[in-house]
Amino acid sequence: WCNMATLYLSPQSCRRRKMRNRVVMGTVRIALQPHVESVTGNQDTSHPYYDVARHGILQVTGDDNYGRKLVIFSSCLMPPSHQLNHHHLLQYLMYTLDQYVESDYTVVYFHHGLRSCNKPSLHWLRNAYREFDRKYKKNLKALYVVHPTNFIRIIWNIFQPLISHKFGKKLTYVNYLSELRDHLSWDQLIIPPDVLRHDERLQAAQKGGLHPSSKTPPPRPPLPTQQFGVSLQYIAEKNQGVMIPPVMSQTVAYLKDNGLQTEGIFRRSARVQLIKDVQKLYNQGKPVMFEQYGDIHVPAVILKTFLRELPEPLLTFPLYHQIQDVVRVESSLRVTTCKHILERLPEHNYMVLKYLLCFLNMVSQQSIINKMSPSNLACVFGVNLSWPSQGSVSLTSLTPLNIFTEILIEHYHTVFSSRCPQAEPRYHLIPPRYQPRYHLIPAPIPPDTSPGTIPGTSPDTT
């Protein structure tokens with residue numbers, strides 16, 4: 001504590017901070033432009049934030065366990081202060097968050113690696129807190145500070161008079177990486193190697209070796225009624241051959257009847273414990289009545305959570321790189337390209353995807369009221385439909401993924417109009433509303449007859 005206090009209060013340190021602050025004072029908002037590759041790959045040196053983005057300090061990597069966008073800040077990737085314009089860093093943070101703050105989001109802050117040579121000044125921190133006004137704080141649902149030190153606690157005490165009690169409740173200290181498993185999808189986290197090594201050293205320093213929470217229990221076999229965390233094939237086998245998972249058909253049916261005109265549908269989260277309780281009911285094969293919860297966002301979050309917890313994404317691992325290449329295709333040919341990509345899907349995945357996209361197209365048709373245009377829906381669902389088999393979706397991978405998803409939603413009737421002749425016969429569903437059992441009836445594929453209707457189904461069973 002004394003060393004850190006001396007660092008900040010020494011005359012030499014104050015003079016250095018004042019000089020640096022004079023250099024970076026004054027801010028000009030720069031219009032949103034395409035993301036720059038932040039870690040690997042081709043880097044656009046003309047991008048206005050290239051000098052910051054190239055270090056990979058900030059990443060957006062899909063959603064957390066509750067459907068909220070996940071933003072990661074890694075202190076160990078910050079270069080020495082003389083090599084990084086901290087004011088430009090603040091602009092880059094705001095530029096990135098501006099694209100996600102309309103929805104609920106979560107921030108993970110890896111504190112390890114913040115040293116005297118790369119640490120921003122207290123003046124910068126104060127300005128940053130002021131710059132991040134209510135627009136940024138309102139939909140921030142959780143802030144996880146990983147590997148906190150005395151420095152973090154000192155800073156918190158300094159700024160506590162300026163921080164609202166409500167915002168303070170969003171902060172969670174995480175001493176070991178394993179503690180994040182209860183809140184986040186481990187596979188989606190982009191964790192710098194330095195942070196991993198530091199965590200291993202902390203665990204090794206504990207008596208008895210590894211921290212108890214890091215010992216992962218052996219996986220349990222899924223229940224026959226399991227809905228979350230199992231494959232589409234498993235669900236179909238355990239539900240008399242039903243192709244559309246019950247959790248999906250029930251959430252879609254309820255939202256179609258009650259949520260199409262809800263502003264910001266799919267952008268908001270619900271109470272964490274409530275979502276866990278509903279998941280448990282589904283996994284145990286018990287009936288779920290969404291009316292009793294009084295929150296239209298519960299079925300919306302459940303639908304996103306189901307997609308996110310599939311062992312393999314609905315768009316499958318082999319198609320991930322083809323989806324990423326869509327941005328290289330001429331705009332006039334992208335719809336056709338997307339259609340060809342979908343023809344490579346297994347029949348089961350194709351049917352489930354078509355069922356989902358028909359509903360999302362229906363939601364987008366009410367965008368004047370619910371504010372969920374195809375573009376907005378794509379930002380929410382893109383990361384829940386496709387991700388790589390290794391690692392997670394990087395910040396720069398989101399753009400092609402969102403473009404692909406937007407095309408599927410906006411041009412639903414064209415993309416899903418027909419399929420190659422080799423495809424297996426399709427089936428349509430006749431479900432009793434909100435009931436767990438469905439019947440499959442072979443059916444020919446008639447042309448689309450009305451907006452929001454899947455070929456081979458009636459509007460009531462879409």
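Which residues lie nearest the centre of the largest cavity? Tyr 109, Leu 125, Ala 128, Phe 132 and Leu 143 do, out of 33 residues that line the largest cavity.

## Basis of the model

This is a predicted model, in which local features need pLDDT of at least 70 and side-chain atom pairs count only at pLDDT 80 or more, while totals for chains, interfaces and linings use all residues. Residues are numbered from 1 along each chain as its sequence is written, and side-chain values use heavy atoms, with hydrogens and water left out.

## Overall composition

The protein chain has 20 helices and seven strands. These are DSSP runs numbered from the N terminus, with helices being H or I of at least four residues and strands E of at least two. Of its 462 residues, 53% count as buried. Buried means under 20% relative accessible area, exposed over 50%, and partly exposed in between, with a 1.4 Å probe and protein chains only.

The accessible surface comes to about 22,100 Å², and carbon and sulfur atoms account for 55% of that; the areas come from the Shrake-Rupley method with a 1.4 Å probe, and for residues only the protein chains shown count as cover. Among contacts (heavy atoms within 4.5 Å) between residues at least 6 apart in sequence, 76% join residues at least 24 apart.

## Cavities

The whole structure holds three cavities of 30 Å³ or more. A cavity is a set of points, on a 1 Å grid over the protein atoms alone, where a 1.4 Å probe fits but cannot get out; lining residues have an atom within 4 Å of a point. Grid points are joined across faces, edges and corners, and a volume is the space filled by probe spheres set on the points. The largest cavity contains about 980 Å³ of space.

Elements that each supply at least two residues of its lining include strand S2 (69-74), helix H4 (86-97), helix H5 (122-131) and strand S4 (140-146). Helix H7 provides the largest share, five residues. By type, the lining has 30 nonpolar residues, one polar and two charged. Here Ala, Val, Leu, Ile, Met, Phe, Trp, Tyr, Cys and Pro count as nonpolar, Asp, Glu, Lys and Arg as charged, and the others, Gly among them, as polar.

## Nonpolar cores

A nonpolar core is a set of buried Ala, Val, Leu, Ile, Met, Phe, Trp, Tyr and Cys residues joined through side-chain atoms within 4.5 Å. The largest has 107 residues, of which Phe 266, Leu 342, Leu 353 and Phe 381 touch the most other members. Helix H16 (residues 347-364) gives the most to this core, 11 residues. Apart from this core lies another, of 15 residues, including Leu 70, Cys 76, Leu 180 and Ile 191.

Leaving out residues up to four places away in sequence, Phe 381 touches Phe 266, Leu 303, Lys 304, Leu 307, Leu 356 and Leu 360. Tyr 355 is found in helix H16 and is buried, with a relative accessible area of 6%. The C-alpha atom of Tyr 355 is separated by 9.2 Å from that of Val 252, 103 residues apart along the chain.

## Positive phi values

Most residues other than glycine have a negative phi. Gln 240 has a positive phi, near 55°; this residue lies in the loop between helices H10 (232-238) and H11 (246-258) and is exposed, at 61% relative accessible area.

Lys 371 also has a positive phi, near 65°. Lys 371 is in the loop between helices H17 (367-370) and H18 (374-385), and is partly exposed, at 46%.

Technical notes. On a 1 Å grid over the protein atoms alone, a cavity is a set of points where a 1.4 Å probe fits but cannot get out, and a pocket is an open set with protein on both sides within 12 Å along at least five of seven lines; lining residues have an atom within 4 Å of a point.
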